[in-house]
Amino acid sequence: MQLPLDIASITNTWSQLMALMLDVNVTSSLATINWDNLNSSVNGKLFQYAPFARACFKDAERVVGAYDANACAFAQAHYSDGQYRDTIPSSYQGLQWETCPSTGESCLLDWMNPLNEAAFDYPKACQQGSIPAYFLEVQSTSDVQDAFKFSVETGVDLVVKNTGHEFQGRSARPGSLALWTKNLQKIAYEPAWIPTGCEDIAPRTAVRLEPGITFNDLYVFGEANNITLPGGSTPSVSATGGYVLGGGHGGLSNTAGLGADRALEFTVVVPTGDVLIANACQNQDLFFALRGGGGGTFGVVMETVTLALPRTPIQVVTLDGLSTDVNTTRAFWKVLVDNSLVWANAGWGGYAAATSLQYINPLPITEEEAQTSMQPLTDFAAQLGLTVIHEQYESFAVFYQQVLEPLYAISGFPLSTSSRLLPAQNFETPELREELLDALLNASANHSLTYVFATTPYAYKADNLTSVTPAWRDSLLLIEVLDTLEYNTTASEQREVIEGLSKSMDFLRNITPTSGTYFSESDLYEPDHENSFWGANYEKLVEIKHKYDPLHVLDCWHCVGWKGQSDQAYSCYP
């Protein structure tokens, strides 16, 4: 986002802004002997953080920090910069989770125009919203163990917070203690890795990484080591964290599998206080749960080992500049629907919306073979006077750095979404494809944006040791419909948006009754969420939850075995 602001005139540094946002003296507010004891046991790593925009507000209620014009200008200039945002514990990429929607408490700038004084001038006051009361900067397993013990003894809720990319507010909760894992940033190449405790298993090429490593970090590391490390599109998202724990999809998922498929081992602190290694040879039930059972549920993952693939060239096709009129969209999406099965079997995956498409293929095919495979798209574009661009990149990382990273660097805006996986059986006949096309157009009507993700692991041969819904395996597309919110959207207005999205998604739910959706990018009020997220795996996941978290220390919205919406923990939900 380009701001009408002279960045050179800003003299405050990012570290100075952070200093204005935090209070290292934990006895200054909410002081009890328990907070002091926790801070002592974790060697002073307990902090209070003000909301991201605190420095712009002259008036504030029950928040730390202070008004500062220079720091405010810096925050305004970086308000939609995801890679700055993920360095701030109290920052959430979905801005509505920096607020308490049900009460209206907030401390937001106008994300469309951060210079809009109406958002922060008197009588507006900065309030903590759903931002946790305290943050513990996790640096070791003992920090997590101390936090679990503290929660059991005091009843203070825990949330696990990394880079803050999520739609359901699972890492935000008023009055809670957040375990902030962003500064765990070790990464190591393992060219001949063998799972801990396993015998007679052939070595595999892998990478060992901590949760603070982002996709941007991961791709740079992979390129430097001549390997491919598949992942998502947004550079500031953690490459492990909730992405892997919830399943994790991306442009290479069709042939390389989900993030959960490539996770080979976890080091995790479970709520009983035990530090466990989970892989295919030990703690296999926990390994199963962590590969798709959802983040913030079974423990705090301190390290993940993920499969590394050979560095290979990729073919890329791009179509852009389509009109937004409904007839053009219908004709375009008909090409997608009619060819999705063929393209998936040929190795293609990627992203489309109403006006554009970008598909990639890592299989060893020539540019001529790629052009032949994509001929239906080329023919469609030619009818409109447009051209499909065919390119070959040296590797996925090179393509990402040159193309995807600039597109997805913007973050930090409030939005709601609803989604659905589309099974291959709905593409089998012309009649079924026409029915699907009608439902897709109806689902997308009158909403801000619709994504058509060809990011399911359709061509990937899974090991059946993941806990994501089996619907991922036989689906060709993941559809996401989104609406953005304003900085001053009320709770009733948010609920109206959420209900509207869900009602629209019913067009697709009705023709895919046995399917499901993605845990991390779903409807806030997903119907029958247990079945949608995990299908037949849910009951097994509940048993695993009870085993490793018998006191139910970890709880989050629509997570395995959650306490339910009536629990006080969810009082801020709209």
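Predicted model: local features only at pLDDT ≥ 70, side-chain atom pairs only at ≥ 80, totals over all residues.

Colour the chain by pLDDT, the predictor's confidence in each residue on a scale from 0 to 100: the protein averages 93, and 94% of the residues score at least 70.

Residues are numbered from 1 along each chain as its sequence is written, and side-chain values use heavy atoms, with hydrogens and water left out.

**The seven-stranded sheet**

Switch to a cartoon view, bearing in mind that the helices (H or I, at least four residues) and strands (E, at least two) named here are DSSP runs numbered from the N terminus. Select the open sheet of seven strands, whose order is β18-β15-β17-β16-β20-β21-β19 and whose pairing is antiparallel; two strands pair if DSSP finds at least two bridges between them. At its edges are β18 (389-393) and β19 (415-423), each of which pairs on one side only. Neighbouring strands of this sheet are turned by 15° against each other on average, direction ignored, where axes are lines fitted to C-alpha atoms, for helices over the stretch in contact, and angles run from 0 to 180 degrees between N-to-C directions.

Within this sheet, zoom to strand β16 (residues 349-352) and strand β17 (residues 357-361), which run antiparallel and are joined by four bridges. Pick Ala352 here, and its bridge partner in β17 is Leu357.

**Strands β8, β9 and β13**

Select next strand β8 (residues 187-193) together with strand β9 (residues 204-209), which pair in the antiparallel sense over five bridges. Trp193 stands opposite Arg204 in β9. β9 also pairs with strand β13 (residues 300-307), again in the antiparallel sense, over four bridges, and the bridge partner of Val207 in β13 is Thr306.

**The disulfides**

Show the cysteine side chains: the structure holds five disulfides, each being a pair of cysteine sulfur atoms within 2.5 Å. With bonded cysteines counted along the chain, they follow the pattern 1-2, 3-10, 4-5, 6-7, 8-9.

Begin with Cys100 and Cys572, whose sulfur atoms are 2.0 Å apart. The torsion about their S-S bond is about -100°, so this disulfide is left-handed. Cys100 lies in the loop between α4 (82-85) and β4 (126-127) and Cys572 in the segment after α18 (538-548), so the pair ties together parts that are 472 residues apart in sequence. Cys100 counts as buried at 4% relative accessibility, and Cys572 counts as buried at 4% as well, where buried means under 20% relative accessible area, exposed over 50% and partly exposed in between (1.4 Å probe, protein chains only).

Move on to Cys107 and Cys126, with sulfur atoms 2.1 Å apart and a torsion of about -105° about the S-S bond, so that this disulfide is left-handed. Cys107 is in the loop between α4 and β4 and Cys126 in strand β4, 19 residues apart, and both cysteines are buried.

The sulfur atoms of Cys198 and Cys281 are 1.9 Å apart, and with 120° about the S-S bond their link is right-handed. Cys198 lies in the loop between β8 and β9 and Cys281 in the loop between β12 (275-278) and α10 (284-290), so the pair ties together parts that are 83 residues apart in sequence. Cys198 is buried, with a relative accessible area of 12%, whereas Cys281 counts as partly exposed at 30% relative accessibility.

**Helix α18**

Finally, select α18 and look down its axis: its buried residues are Tyr538, Leu541, Val542, Ile544, Lys545 and Tyr548. They cover an arc of only 165° around the axis, taken from the directions from the helix axis to the C-beta atoms, which puts them on the same side of α18. What covers these buried residues includes β12, α10 and α17 (529-534). On the other side of α18, Glu539, Glu543, His546 and Lys547 are exposed.

Conventions: Contact = heavy atoms within 4.5 Å.
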